[in-house]
Amino acid sequence: MSRSDQGLTRDKERTRLAVLEAAERMFAERGGRVSLSDIAAAAGVTKGGLMHHFPNRDALLAGVTEHLIAKVWTEIHECIDLSENRPGKFTRGYVRALTSGSESVARAFSPTGLVVTLGTVSGLEELFADDARRLDEAFAGDGLAPGTTSVIRFAAEGLATAVNSPYLTADRLESARTELLAMTETAAPDNG
């Protein structure tokens with residue numbers, strides 16, 4: 001690949017990422033009725049530039065969904081403490097990621113935000129099912145009893161949903177986070 005081809009590839013990747021980030025932000029702010037022209041303008045590209053990467057609205061929604069899922073997984077992995085060589089390492093990383101105040105997590109779990117908007121689009125079920133399978137596998141291999149993991153997991157998801165609402169203060173979030181992390185330390189390991 002020539003130097004100019006590498007530059008074109010980087011520009012294409014930057015343009016695609018700019019479109020995905022703008023679409024994610026605008027869907028979260030305005031819901032599913034935002035226009036492709038508005039998304040293109042927010043990304044700093046022409047509508048034709050957007051359409052080059054995403055030929056239709058469904059392709060853009062699928063791209064945004066994949067992008068958001070990947071961002072949340074990255075945040076989970078960034079919150080895993082590799083020095084914790086005991087059961088529950090993934091679960092603790094999950095709790096930390098979902099209770100850290102991350103903008104991506106907040107968008108993913110907002111009851112009026114992106115997942116609700118995207119979840120109504122047909123064809124995305126497979127992406128969500130694949131993400132659910134990956135999460136199930138990660139939790140199953142984490143060494144904690146399945147029931148304990150489920151309680152901790154869904155409590156963390158509930159906290160992520162309530163962030164930025166009048167129902168969850170920063171103090172309550174921190175207290176709940178501390179309790180969930182403690183539960184991973186005191187939980188009995190899964191013995192088969």
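How are α5 and α9 oriented relative to each other, roughly parallel or roughly antiparallel? In this predicted model, the two helices pack at an angle of about 10° with their axes 9 Å apart, and α5 and α9 are therefore roughly parallel to each other. They belong to a protein that has 10 helices and zero strands, so that, because helices and strands are numbered from the N terminus, the names used below follow the order of the chain. Read along the sequence, the pattern is α-α-α-α-α-α-α-α-α-α.

**Overall picture**

- Of the 192 residues in the protein, buried residues make up 41%.
- When contacts between residues at least 6 apart in sequence are considered, 67% of them join residues at least 24 apart.

**The pair α5 and α9**

- The crossing in which α5 passes α9 is left-handed.
- From α5, the residues Thr91, Tyr94, Val95 and Leu98 take part in this contact, and they meet Thr149, Ile152, Arg153, Ala156, Glu157 and Ala160 in α9.

- Helix α4, which covers residues 57-78, and helix α5, which covers residues 89-98, have axes that come within 7 Å and cross at roughly 115°.
- The crossing of α4 and α5 is right-handed.
- On the α4 side the contact is made by Trp73, Glu75 and Ile76, while on the α5 side it is made by Phe90, Gly93, Tyr94 and Ala97.
- Five nonpolar residues, one polar residue and one charged residue form this contact of α4 with α5.

**The pair α4 and α8**

- The axes of α4 and α8 come within 10 Å and cross at roughly 15°, and since angles under 35 degrees count as roughly parallel, α4 and α8 are therefore roughly parallel to each other.
- The crossing of α4 and α8 is right-handed.
- Ala62, Thr65, Glu66, Ile69 and Trp73 are the α4 residues of this contact, and their partners in α8 are Leu127, Phe128, Asp131, Arg134, Leu135 and Ala138.
- The residues of the contact of α4 with α8 divide into seven nonpolar ones, one polar one and three charged ones.

**Nonpolar cores**

- The largest nonpolar core holds 28 residues, and within it Phe90, Tyr94, Leu98 and Phe109 touch the most other members.
- At least two residues of this core are supplied by each of α4, α5, α6 (103-109), α8 (125-140), α9 (146-162) and α10.
- Apart from this core lies another one, of 16 residues, which includes Leu36, Ile39, Ala43 and Leu50.
- Tyr94, which is named both in the contact of α5 with α9 and in the contact of α4 with α5, touches Ile76, Phe109, Leu135, Phe139, Arg153, Ala156 and Glu157 when residues up to four places away in sequence are not counted.

- Ala23 is found in helix α1, which runs over residues 3-30, and Ala23 counts as buried because its relative accessibility is 0%, where buried means under 20%.
- Leaving aside neighbours within four places in sequence, Ala23 is in contact with Ile39, Leu60 and Val64.
- The C-alpha atoms of Ala23 and Asp38 are separated by 8.9 Å, although these residues are 15 residues apart along the chain.
- Arg172 has its place in helix α10, which runs over residues 170-186, and Arg172 is exposed because its relative accessible area is 53%, where exposed means over 50%.
- Between the C-alpha atoms of Arg172 and Leu159, which are 13 residues apart along the chain, the separation is 9.5 Å.

Note on methods. Residues numbered from 1 in each chain as written. Predicted model: local features only at pLDDT ≥ 70, side-chain atom pairs only at ≥ 80, totals over all residues. Heavy atoms only, no water. Axes fitted to C-alpha atoms, helices over the stretch in contact; angles between N-to-C directions. Helix = DSSP H or I, 4+ residues; strand = E, 2+ residues; numbered from the N terminus. Left-handed = near helix turned anticlockwise from the far one by under 90°. Contact = heavy atoms within 4.5 Å. Nonpolar A, V, L, I, M, F, W, Y, C, P; charged D, E, K, R; others polar. Buried < 20%, exposed > 50% of the residue type's maximum accessible area, 1.4 Å probe, protein only. Core = buried A, V, L, I, M, F, W, Y, C linked by side-chain atoms within 4.5 Å. Parallel < 35°, antiparallel > 145°, perpendicular 65-115°, else oblique.
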